[in-house]
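Please look over the model below before reading the comments. They are arranged as numbered points.

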Amino acid sequence: KDEVPRILDPEEKDDAPTKLPTDEKSFRWGMNEDAMATEKLAEGIRRFAADAVSLEDIVRKRLAELQK
């Protein structure tokens with residue numbers, strides 16, 4: 001059985017990512033500074049909205065079939 005070498009050590013705090021600011025102002029600034037993050041968020045929202053519409057159509061059709 002091959003063993004996976006341990007690279008990260010949970011005891012070493014220096015490797016931990018720095019804490020990101022969680023206030024709205026900092027979040028909005030960071031999003032505006034990162035074009036890819038902004039585009040990916042917008043893409044995700046658009047796809048989620050489209051999927052919600054598709055799901056509503058599927059449920060509507062299924063309910064219509066059940067009422068026949």
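**Notes on the predicted model**

1. Being 4 residues apart in helix H2 (residues 35–67), Arg47 and Glu43 are separated by about one helical turn. The two form a salt bridge, with the closest N and O atoms 3.2 Å apart. A salt bridge here is a side-chain nitrogen of Lys or Arg within 4 Å of a carboxyl oxygen of Asp or Glu. Arg47 counts as exposed at 54% relative accessibility; buried means under 20% relative accessible area, exposed over 50%, and partly exposed in between, with a 1.4 Å probe and protein chains only.

2. This is a predicted model, in which local features need pLDDT of at least 70 and side-chain atom pairs count only at pLDDT 80 or more, while totals for chains, interfaces and linings use all residues. Residues are numbered from 1 along each chain as its sequence is written, and side-chain values use heavy atoms, with hydrogens and water left out.

3. Why does the spacing along a helix matter for such pairs? An α-helix has 3.6 residues a turn, so residues three or four places apart point the same way.

4. Arg60 and Asp57 are a second pair to check: both lie in helix H2, 3 residues apart, about one turn of the helix. Their side chains meet in a salt bridge at 2.9 Å, N to O. Arg60 is exposed, with a relative accessible area of 51%, whereas Asp57 is partly exposed at 34%.

5. Glu65 and Arg62 are also 3 residues apart in helix H2, about one helical turn. Their salt bridge has its closest N and O atoms 3.5 Å apart. Glu65 is partly exposed at 47% relative accessibility, and Arg62 is partly exposed at 46%. Elsewhere, salt bridges that share partners join Lys40, Glu43 and Arg47 into one network. The search of the whole structure finds 6 salt bridges.

6. Which residues form a nonpolar patch on the surface? They are Leu55, Ile58, Val59, Leu63 and Leu66, with about 490 Å² of accessible area together. Patches are made of residues with over 30% relative accessible area and no salt bridge, like charges being joined within 9 Å and nonpolar side chains (Val, Leu, Ile, Met, Phe, Trp, Tyr) within 5 Å. Areas come from the Shrake-Rupley method with a 1.4 Å probe; for residues, only the protein chains shown count as cover. Ile58, in helix H2, is exposed at 56% relative accessibility.

7. H2 has 33 residues and reaches 48 Å from its first C-alpha to its last, close to the 48 Å expected at 1.5 Å a residue. The expected span is 1.5 Å times one less than the number of residues.

8. The protein chain has 2 helices and 0 strands; helices (H or I, at least four residues) and strands (E, at least two) are DSSP runs, numbered from the N terminus. The radius of gyration of the chain is 22 Å, well over the 11 Å that the globule rule gives for 68 residues, so the chain is more spread out than a compact globule. That radius is taken over C-alpha atoms, and the rule is 2.2 Å times the number of residues to the power 0.38. Of the 68 residues, 3% count as buried.
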